[in-house]
Amino acid sequence: MSYDVAIVGSGVAGLASAYRLAPDHDVLVVDRDAIGSGTSSRASGVITTPVDYPGQPEWSEHALAFFRELDGTGVFEWTEREFVRGVRPADVEAARESARAEGISLVDRAAYDEVFAEDAPYERALVWEGTGFFDVDEFLATMQRECASRGVEFRPDTAVEAVHVEDGVATGVETEYGSVEADSVVVAAGSGTRPLLADVLGLPLRKFTWNVAYLDADLPEGYPMAGDPVLQCYWRRTRDGHLLVGVQHEYEGPPEDEREVGPEIETLLGEAFPTIAAHGDSEVVRYEVCPMADTTTPDANPIVDAPAEGPANLVIAAGFHGAGVMASDSIGTAVRSLLTGEDAPFPIDPFRLDRFDTRSTDFPFRSLFGKSSRS
Ligand SMILES: Cc1cc2nc3c(=O)[nH]c(=O)nc-3n(C[C@H](O)[C@H](O)[C@H](O)COP(=O)(O)OP(=O)(O)OC[C@H]3O[C@@H](n4cnc5c(N)ncnc54)[C@H](O)[C@@H]3O)c2cc1C
C-alpha cells in the first residue's frame, strides 16, 4: 500500500503531525521502538510555552489551547498552574522590564513562601499564568488512541534505514522490513533525525537533555511550578504530591559524550536546591534519565521546515531543546501547513533551516535559560 504521508518517529512531534494530517490523509507512523517510547516518554510534562518560546506568542498560545481542549479526552488530564520565577535583588529592574514587555506579573516573593526556601536569595517573583502540567504517558497514550481512531496506521519496532529520493523528490522510506511508498515523508525522529538524513541533508542538530529527580515530599494541591535561571533548573508537584526537579544536562561535544546522567543533578540536589526550594532537601525517590536524548540547534529553537536544500515533499521536525512536549500541537499544525500549503495560525519562518549558516554539529551550546526565562 502507498500512503499520503509516512512519518518517521512516534514521539510528540510525530504523533502531533499524524493527528493534524489524519483527517484528510492516509498516514503511516513508523518507529524503531514502541510507539511514544523515545525522549517524549521521559519528559516532565512542564508546559510553559510563554516562558520557553518567548518570541513566538501565537505559537505558544496555540500549543496551550490544544491541551485545554484535549483535557478529559481518553486518559488525558490537564492541570492549569502558574509558573513562578524567583528574582534576585540584582535582577529586579530587568524583571520589571520583562513583566512590562511580556504582560506577566512581578509580585512580592512572600506570595510564594510555600515554594521558595526561607533563605532563598529572592526579592520578588515573576509569575506566568495559563501554564500547566500533565502526565506525559497519559498524553502519549491519548494521542496514539486519537490518531488510531482517525485512521492513522502505526508500525512500531521497525527501524527506518533511509528516506527514498527519486529525481529530487522524497517518495517513501526504506525500513528494515522493506520499502514503504509515500507521497510525502516527515522525519520527526528526535536524535535519530540527523543520522537518518545524513546522505540527504545536513542538519545542525546535537544532543541535549534534562536530568530529573523525584523527591519524597508531601506537597499541597495547588503548589505552583517554579524555576531558577541561574541554577538552570525547574520544579513542580507531581499528582501524588512528590517534588519533581529537572536540571539541564549539556553534553560535552562534539564528539558527543554518551553519559546517561551528568553530575549536574547530584550537584544541584546536594548543594543549591535546598537553599532555594521549600522541601528541597527531601530524599530522592528515583531519577529519570534519557540516554537517547533530545536535540538542540545553534539558537536553541527547533527546525520545523520543508527545506529548499532538501528533496521536495520532505518535512523535518526536530531540535526541540527540551521543550518539545509543550509545543506539540504547534509542531503538528506547522507540519500540516508545510505539507498542505495551508496557512498556520502563527509564523513558521522562525523555524526554517536556512536561518543557520552551519550544517555541522560543531556549534556552541546555547542554554534555554539564555534564550528565555524558563525559570
Ligand atoms: C528528562 C526530560 C525531561 C523533559 N521535560 C520536558 C518538559 O517538561 N516539557 C517539555 O515540553 N519537554 C520536555 N522534555 C523535552 C521533550 O521530551 C522533547 O523535546 C520531545 O520529547 C522531543 O520529541 P520528539 O518527537 O522530537 O522526539 P522523540 O520523543 O525522541 O521521538 C523520536 C522517535 O523517533 C524514533 N526514531 C529515531 N530514529 C528512528 C529511525 N531511524 N527509524 C524509526 N524510528 C526512529 C525514536 O525511537 C523515537 O520514538 C524533556 C526531556 C527530557 C529528557
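I started with Ser149 and found its place in helix α5. This is a predicted model, which I keep in mind for each entry below. Is Ser149 buried or exposed? I got a relative accessibility of 56%, so Ser149 counts as exposed, the cut-off being over 50%. Then I looked along the chain from Ser149 to Ala22: they are 127 residues apart in sequence, and their C-alpha atoms are separated by 9.4 Å.

**Asp24**

I went on to Asp24, which sits in the loop between α1 and β2 (27–30). Its relative accessibility is 46%, so I noted Asp24 as partly exposed.

**Aromatic pairs**

How many aromatic pairs does the count come to? I have 19 written down, taking ring centres within 6.5 Å as the rule. I picked Tyr19 and Phe66 to look at: their ring centres are 5.4 Å apart and the planes meet at 75°, so I call the pair edge-to-face, since that takes an angle over 60 degrees. Tyr19 belongs to helix α1 (residues 12–21) and Phe66 to helix α3 (residues 57–70), so this pair ties together parts that are 47 residues apart in sequence. I checked burial as well, and both Tyr19 and Phe66 are buried.

My other pick was Trp210 with Tyr234. Their ring centres are 5.0 Å apart and their planes stand at 80°, so this pair is edge-to-face. I traced Trp210 to strand β13 (residues 206–215) and Tyr234 to strand β15 (residues 233–237), so the pair ties together parts 24 residues apart in sequence. Trp210 and Tyr234 are both buried.

I followed up Trp78, and found it in the loop between α3 and β4 (79–80). At 9% relative accessibility, Trp78 falls under the 20% limit, so it counts as buried. I also took Trp78 to Val245: the two are 167 residues apart in sequence, and 19 Å apart in space from C-alpha to C-alpha.

**Charges over rings**

I looked for arginines over aromatic rings and noted two cases. The charged end of Arg206 sits over the ring of Phe363, at 5.7 Å from the ring's centre. Arg286 lies over the face of Tyr214, and I have 4.1 Å to the ring centre there.

**The second largest pocket**

Arg286 and Tyr214 came up again when I turned to the second largest pocket, where both are among the lining residues nearest its centre. Asp135, Val136 and Arg236 are the others named there, out of 18 residues in the lining. Which elements give two or more residues to this lining? I found α5 (136–149) and β17 (284–288). For the space in this pocket I wrote down about 320 Å³.

What kinds of residue make up the lining? I sorted them into eight charged, five polar and five nonpolar. I also checked the domains: at least three lining residues come from domain 1 (2–47 + 137–203 + 298–364), and at least three from domain 2 (82–130 + 206–295).

**Positive phi**

His279 is one of them, with phi near 70°. I placed His279 in the loop between α8 (273–276) and β17. Its relative accessible area is 36%, so I have His279 as partly exposed.

Ala300 is another non-glycine residue with a positive phi, about 65°. I found Ala300 in the loop between β18 (294–296) and β19 (303–305). Is Ala300 buried or exposed? The relative accessibility is 1%, so Ala300 counts as buried.

**Thr361**

My last entry is Thr361, in the loop between α9 (328–340) and α10 (368–371). I got 19% relative accessibility, and the limit for buried is under 20%, so Thr361 counts as buried. From Thr361 to Val46 I have 315 residues along the sequence and 27 Å in space, C-alpha to C-alpha.

Key
Residues numbered from 1 in each chain as written. Predicted model: local features only at pLDDT ≥ 70, side-chain atom pairs only at ≥ 80, totals over all residues. Heavy atoms only, no water. Phe/Tyr/Trp six-rings, centres within 6.5 Å; stacked < 30°, edge-to-face > 60°. Helix = DSSP H or I, 4+ residues; strand = E, 2+ residues; numbered from the N terminus. Buried < 20%, exposed > 50% of the residue type's maximum accessible area, 1.4 Å probe, protein only. Lys NZ or Arg CZ within 6 Å of the ring centre and 35° of its normal. 1 Å grid on protein atoms, 1.4 Å probe; cavity = no way out; pocket = protein on both sides within 12 Å on 5 of 7 lines; lining within 4 Å. Points joined across faces, edges and corners; volume = space filled by probe spheres on them. Nonpolar A, V, L, I, M, F, W, Y, C, P; charged D, E, K, R; others polar. Domains from an automatic or database assignment.
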